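Please work through the exercises below with the sequence and the 3D structure open beside you. Each task is followed by a solution that goes step by step.

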Amino acid sequence: MDPRRAEPDRESPATLHGEFTVTGNRKVRCSVSLTEKELIVQRLTSAPVGRNKVVLSLKDCVGCRAHREDDNADPAAYLVVYFYPLRRRWVSSGVSRQRVEHSFRLAVLQDPRDNLEEAERWARAVRERSDRQQHIRDGVLMRKLSRPCRMMLLVNPQSGKGQALTLYNNHIQRMLNEAGVQHTLVITERQNHARELVKEADLSQWDALVIMSGDGLLFEVINGLLERSDWEEAIRTPLGILPGGSGNALAASVHYYSGSSPVSSEDLLVSCGFLLCKGLVSPMDLVSIHLPSSPRLFSFLSLAWGFVADVDIESEKYRHVGAARFTVGTLVRLASLRVYKGKLAYLPVTEDCNNRRGLRNNMRPHRNNQASSLCPASPPNCPSKDSPLRNTFHNSCHSNNSFKVRRTESTPSRSATKALAGPPDSLLLPLDQPLPSDWVVVPEEDFVLMLAMYQSHLAEDLLAAPGAISDDGAIHLFYVRAGISRTALLRLFLAMEKGAHLATNCQHLVYTKVRALRLEPYSPKGIITVDGEVVEYGPLQAEVHRGLARLITG
């Protein structure tokens, strides 16, 4: 189903009205009204109306159910509605999503079956009207996962502080049950377990794959999907992310894209769980990365060399402190600041390409289990928006956050790339060939860091690319030239917590949007990370593929 331009609200159906008692206290009666956009609960007491009236937006509703108790002597049926509205936190400032449950007892009729039928009528109306709420982003009406939905939920029990399973049991299991989402829990057991599983799995069993871990597990899943012979279909399986690690960069990005104010820890988990239950799907860019002698990798988050890569890997020893490991690692690395020598070049995003991103040519057919559609491709040498979102989905599984690079004798090239699984690269020449004339070569060769981002967040509390969206077709390239003081670099990272680092006017920081890049480190040893995972050190190049994957963004 294609994203559609938002239309004005249709004429609202008639408002439902009813009088019910509150479950657990039959003396309290409520007048309940269901409009097209709200559930209004008014307690029938002598107190002023405003003090006893609750108005809940159906945009915050994740589910509703009707049921009867086991007591055969009780003819009543029960209606339970689940909301996660934004409310002020009790302790800290700001707002976060907090669970609200309303449970009503319906016993107007003598026949228990009639009471249950009435409760089910209300439950259906709540679900249907909640689903009809328009979710618009950039003027486009987002498509939703089909209902009922079947999810494979992969959990890495070792990620972060090792609490992912506890967080699943305390929050996510209940939220998915409230939303009526069927899910199968898969606990990963070893490195590359998820990669192997999704590579061989029958994806037709699942509507979405959800990862509850750090960012490394999603790195495995994406590369496993793109190693399949049917990678074109497999990579369109909607992917969900729940924060269960120490970095949680993509989870923080998904929360940021929803327009909500910053949150962290369990508040971030609840927010991402809510967005997952809403099931809105967006395209997501992936970046193809060529290393000196390793198979091509696909990245969804970042590519780092220098200071950021060193902090990411060297801070592994502080994993037990959770997200604070990066703060500790930053301070340690600042104490012995290094300079990294190399050559950096890139193909900038041009105004012409920006203007043409929405244009498409080369119409080609796509299979769909509900309907056949024509999916236009993007112009040559521009990031491709890829095909429209569809109602076909699939399945997958888990591992620890590390990746071992396999060796091969081949050198990336245009012809070699086409033989690999995944989309061909149209902007990259072999690493041993000169760069095309439209590339920019950075004159400096002494750097403190190079960071390429394609999502907004580098970590849960680092808003590295505030202007990024999941499918903007650009690599957000940052590099810091040598000569920056420790104080200035620390000030830069402190400002990055709120995305204000670009406004610091730091003379050593350069930021630009690019479509492809090439990095050639001069030193024989060092650290390069892709999505936080260590990869083979040496010359590399990368190219963005616009909208290649599908991300559940809520």
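**Exercise 1: an aromatic pair**

In this predicted model, phenylalanine 447 is buried, and tyrosine 479 is buried as well.

Task: Determine how the rings of phenylalanine 447 and tyrosine 479 are arranged, and state where the two residues lie in the chain.

Solution: A pair of aromatic rings is described by the distance of the centres and the angle of the planes. For phenylalanine 447 and tyrosine 479, the ring centres are 5.8 Å apart and the planes stand at 80 degrees. Planes over 60 degrees apart count as edge-to-face, so this pair is edge-to-face. Phenylalanine 447 belongs to strand 25 (residues 446-453) and tyrosine 479 to strand 26 (residues 475-481), so that the pair, 32 residues apart, links distant parts of the chain.

**Exercise 2: two helices**

Task: Describe how helix 3 and helix 4 are oriented, and which residues bring them into contact.

Solution: The axes of helix 3 (residues 193-200) and helix 4 (residues 215-226) come within 8 Å and cross at roughly 30 degrees. Because angles under 35 degrees count as roughly parallel, the two helices are roughly parallel to each other, and their crossing is right-handed. On the side of helix 3, the residues in contact are His193, Ala194, Arg195, Val198 and Lys199, which meet Leu217, Glu220, Val221, Asn223, Gly224 and Leu225 of helix 4. Sorted by class, this contact has 5 nonpolar, 3 polar and 3 charged residues.

Methods:
Residues numbered from 1 in each chain as written. Predicted model: local features only at pLDDT ≥ 70, side-chain atom pairs only at ≥ 80, totals over all residues. Heavy atoms only, no water. Axes fitted to C-alpha atoms, helices over the stretch in contact; angles between N-to-C directions. Helix = DSSP H or I, 4+ residues; strand = E, 2+ residues; numbered from the N terminus. Parallel < 35°, antiparallel > 145°, perpendicular 65-115°, else oblique. Left-handed = near helix turned anticlockwise from the far one by under 90°. Contact = heavy atoms within 4.5 Å. Nonpolar A, V, L, I, M, F, W, Y, C, P; charged D, E, K, R; others polar. Phe/Tyr/Trp six-rings, centres within 6.5 Å; stacked < 30°, edge-to-face > 60°. Buried < 20%, exposed > 50% of the residue type's maximum accessible area, 1.4 Å probe, protein only.
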